[in-house]
Amino acid sequence: MLKYTVQGTHQVISNPVLGVNKTFSRRLPGENIRLIMASGEAKHKVAVIGAGAAGLCAGRHLLAEPDKFQFDIFEQQDGVGGTWRFSAHVGVDQYGLPVHSSMYKNLRTNLPKEVMAYPDFPFKDCEGKSFVHHTQVLEYLQDYAENYGLYQHIKFHKMIENISPVNPAADPFEWSVSFSDVVTKEKEIRIYDAVMVCNGHYSVPYFPEIKGLFEFKGTVIHSHDYREPQAFKDLRVVVLGAGASGVDIAIEVSSAAKEVILSHNTPPKTCPFPDNVRQQKGLESVDETSVTFLGGERYECDVLIICTGYLYHYPFFDKSCNVKIGDQKITPLYLHMFLIDFPTLAIWAVPKLIIPFPIYDQQVKVFLKFLKGLIHLPTKEEMRSHMERDFCRRKELGMKPRHAHVMPGQLQWDYDDELSKFGQIDPVPDSVRNLFRHVHHLRTLDLINYKNTNYNLVGDESFVQIE
């Protein structure tokens, strides 16, 4: 193990066994910091940020090749699962950090478990149910981590503070990863060859700019802080946003509320809703006691639930990483994951409206093949051109600029095909793709009941519905 120590304005690296003793004139940030090299051996040293679904998948494939990789998984919480770790609390946790999870008490998946599962690790039977409760997904992720022996590689209660390239002009160069323990506050810096950023994008709420929104005297919450419907008993509720969370929450809240207005700017849903739910256009403005919808109708209400999604949030990237985030677009990324300027760093969970676990698995396979030198990236100029073409294609399809990483319909499978071709791996099986399409169609017909249908996959080609 190579160790760094700080001596004044210098840092010294030494290992008596390897005969290493070098001094670098680089001041380290902070006080009482230990800087440790991940390994003195000729393996790819990889830092994985986050022990949610993407981070665990990364660990599973890294651990499968111990002669090629050595890795650490850094997790801020006290267990695996990321956003699937339900917390009844909102605001901050016991360590004064923002609550990470956006799970609500009664949440069931909007995809069947047969579609959600990693390709080599099926869910348990779950009493024959396809659409499972969030606690069953967490159990699945815990079983996955246990099955593949990942716990010994996870450093819990570790908050990443800074990620920066070390001597980026070198070939190859390394990454400095600094972090602190959320309990002891002790700080460390470790050096790696590559970084897999897997902290997700469902924890920092996005609030749209709506005139008067925060002048409202009633209750305004984001879906991130929604937990259960009883809090809205006999109230008039406006749910803004008709994505998966907005629709689910509107239907669930209707069981307790006096009336629910589902406000959105997408085409009206044509499926049945509960009797006390109706749809309206998006919000034009808000005053102390009411909202005004686009078109002019004013509605007196008690609660606004904002279901408008989440922000990409990577506060630990050093400026030298050259990562830019604006209007829900991260640049410069190749294939929505490789950091073009420094491609030994990649970001997971950037694409939206995808089947997460299988796509994460695909991305991990491709990234590790790149690290091993089995596949080669295009030039930086070619990668930037590809990124711009992808963005322009979306605009041609009528998508808004903030939808730079959204993959509805065929776009998800086009992405998987491109990723698979580049990485020389098999694409997501047709059975999974076809079931995903079927469920998506069924959801448009019956939002209330579609989760009551159960399925089995049949080989790699098809699926069957279970009566």
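These legends describe close-up views of a predicted model.

**View 1. Cysteines without a disulfide.** The structure holds zero disulfides. A disulfide is a covalent bond between the sulfur atoms of two cysteines. Here, a pair of cysteine sulfur atoms counts as a disulfide within 2.5 Å. For Cys57, the closest cysteine sulfur belongs to Cys198 and lies 8.4 Å away, which is too far for a bond. For Cys126, the closest cysteine sulfur is that of Cys57, at 19 Å, again too far for a bond. Cys57 is buried, with 0% relative accessibility. Cys126 is buried as well, with a relative accessible area of 14%.

View 2. Among the buried residues are Cys57, Arg60 and His61.

**View 3. Helix H1 against helix H5.** The axes of H1 and H5 are 9 Å apart and meet at an angle of about 45°. This angle makes H1 oblique to H5. The crossing of H1 past H5 is right-handed. On the H1 side, the contact is made by Ala53, Ala54, Cys57, Ala58, His61 and Leu62. On the H5 side, the contact residues are Phe357, Tyr360, Asp361, Val364, Lys365 and Leu368. Sorted by class, the contact has nine nonpolar residues, one polar residue and two charged residues.

Notes: Residues are numbered from 1 along each chain as its sequence is written. This is a predicted model: local features need pLDDT of at least 70, side-chain atom pairs count only at pLDDT 80 or more; totals for chains, interfaces and linings use all residues. Side-chain values use heavy atoms; hydrogens and water are left out. Buried means under 20% relative accessible area, exposed over 50%, partly exposed in between (1.4 Å probe, protein chains only). Helices (H or I, at least four residues) and strands (E, at least two) are DSSP runs, numbered from the N terminus. Axes are lines fitted to C-alpha atoms, for helices over the stretch in contact, and angles run from 0 to 180 degrees between N-to-C directions. Angles under 35 degrees count as roughly parallel, over 145 as roughly antiparallel, 65 to 115 as roughly perpendicular and the rest as oblique. A crossing is left-handed if the near helix is turned anticlockwise from the far one by less than a right angle, and right-handed if clockwise. Contact means heavy atoms within 4.5 Å. Ala, Val, Leu, Ile, Met, Phe, Trp, Tyr, Cys and Pro count as nonpolar, Asp, Glu, Lys and Arg as charged, and the others, Gly among them, as polar.
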